[in-house]
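Please keep the sequence and the model in view while reading.

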Amino acid sequence: SAASSEAAASSAVSEAASEPAAEAALPDGVYTADFDTDSSMFHANEANDGKGTLTVKDGQMTFHVSLVSKKIVNLYVGMAADAEAHEGDWLQPTTDTVTYSDGTSDEVYGFDIPVKALDEDFQLAILGSKGKWYDHTVRVANAQPAAAEAPADGTYTCLLYTSDAAD
């Protein structure tokens with residue numbers, strides 16, 4: 001709500017002297033952003049050039065990333081040691097189809113990750129298919145407005161409206 005947003009902004013201003021201020025949220029919309037991780041084994045699918053989709057709605061940011069396989073079965077925002085006790089907070093996978101530059105495609109797992117701040121490291125635990133949790137440090141950075149999809153090649157009919165300058 002607007003009242004809670006104003007209260008949060010007021011609180012952030014009063015705490016600015018003691019803590020670094022969080023980056024202002026982006027306007028609602030869809031963005032492309034980098035997914036930086038501390039691991040060569042846990043990263044965005046190469047078909048997506050290390051990037052994912054950041055959606056901002058009502059000031060809340062969610063980052064969707066397609067991974068390289070289906071071997072990471074859950075994510076948890078926080079530390080691996082805390083994940084078992086918070087199963088209700090585990091992020092569930094989506095099945096994404098990625099298309100590589102050679103035209104081949106593959107089904108991989110993707111995840112919708114809540115993001116509190118851009119360009120700041122945060123902890124993200126991953127659960128592998130063998131049942132072990134691992135800690136990782138990740139960052140969502142360099143958000144840019146997503147490019148609109150270009151229309152497919154083909155023939156299109158367009159209506160052209162003109163105004164009468166004499167009116």
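Thr137 is partly exposed, with a relative accessibility of 24%; here buried means under 20% relative accessible area, exposed means over 50%, and partly exposed lies in between, using a 1.4 Å probe and protein chains only. The residue belongs to strand β8. Helices (DSSP runs of H or I, at least four residues) and strands (runs of E, at least two) are numbered from the N terminus. Not counting residues up to four places away in sequence, Thr137 touches Asp36, Thr37, Asp38, Asp121, Phe122 and Gln123, where contact means heavy atoms within 4.5 Å. Thr137 and Gly78 are 59 residues apart along the chain, and their C-alpha atoms are separated by 9.5 Å.

## Basis of the description

The model is predicted: local features need pLDDT of at least 70, side-chain atom pairs count only at pLDDT 80 or more, and totals for chains, interfaces and linings use all residues. Residues are numbered from 1 along each chain as its sequence is written, and side-chain values use heavy atoms, with hydrogens and water left out.

## Overall organisation

The protein chain contains two helices and eight strands. Read from the N terminus, these elements follow the order α-β-β-β-β-α-β-β-β-β. Of the contacts with a separation of 6 or more, 58% join residues 24 or more positions apart.

The chain has 167 residues, and 29% of them are buried.

## Nonpolar cores

In soluble globular proteins, nonpolar side chains tend to be buried together. A nonpolar core is taken here as a set of buried Ala, Val, Leu, Ile, Met, Phe, Trp, Tyr and Cys residues joined through side-chain atoms within 4.5 Å. The largest such core has 26 residues, among which Phe35, Phe42, Leu54, Leu75 and Ile113 touch the most other members. Two or more residues of this core come from each of β1 (29-37), β2 (51-57), β3 (60-66), β4 (72-77), β6 (105-115), β7 and β8. Strand β6 gives the largest share, four residues. A second, separate core has seven residues, including Tyr76, Ala125, Leu127 and Trp133.

Leaving aside neighbours within four places in sequence, Leu75 is in contact with Phe42, Asp89, Trp90, Leu91, Phe111, Ile113, Leu124, Ala125, Ile126 and Trp133.

Ala83 is found in helix α2 (residues 80-83) and is buried, at 0% relative accessibility. Beyond its neighbours within four places in sequence, Ala83 is in contact with Tyr76, Trp90 and Trp133. From Ala83 to Leu124 the C-alpha to C-alpha distance is 9.9 Å, across 41 residues in sequence.

Leu91 lies in the loop between α2 and β5 (94-99). With a relative accessibility of 13%, Leu91 also counts as buried. Leu91 and Pro114 are 23 residues apart in sequence, with 9.4 Å between their C-alpha atoms.

## Positive phi angles

Asp119, in the loop between β6 and β7, has a phi near 60°, a positive value in a residue other than glycine. This residue is partly exposed, with a relative accessible area of 35%.

Asn142 has a phi near 55°, again positive in a residue other than glycine. Asn142 lies in strand β8 and is partly exposed, with a relative accessible area of 41%.

## The second largest pocket

On a 1 Å grid over the protein atoms alone, a pocket is an open set of points where a 1.4 Å probe fits, with protein on both sides within 12 Å along at least five of seven lines; lining residues have an atom within 4 Å of a point. The second largest pocket has a volume of about 410 Å³, the volume being the space filled by probe spheres set on grid points joined across faces, edges and corners.

Its lining comprises 17 residues, of which Met41, Lys71, Ile72, Ile126 and Gly128 lie nearest the centre of the pocket. Strands β7 (122-128) and β8 (133-145) each supply at least two lining residues. By class, the lining has seven nonpolar, seven polar and three charged residues; Ala, Val, Leu, Ile, Met, Phe, Trp, Tyr, Cys and Pro count as nonpolar, Asp, Glu, Lys and Arg as charged, and the others, Gly among them, as polar.
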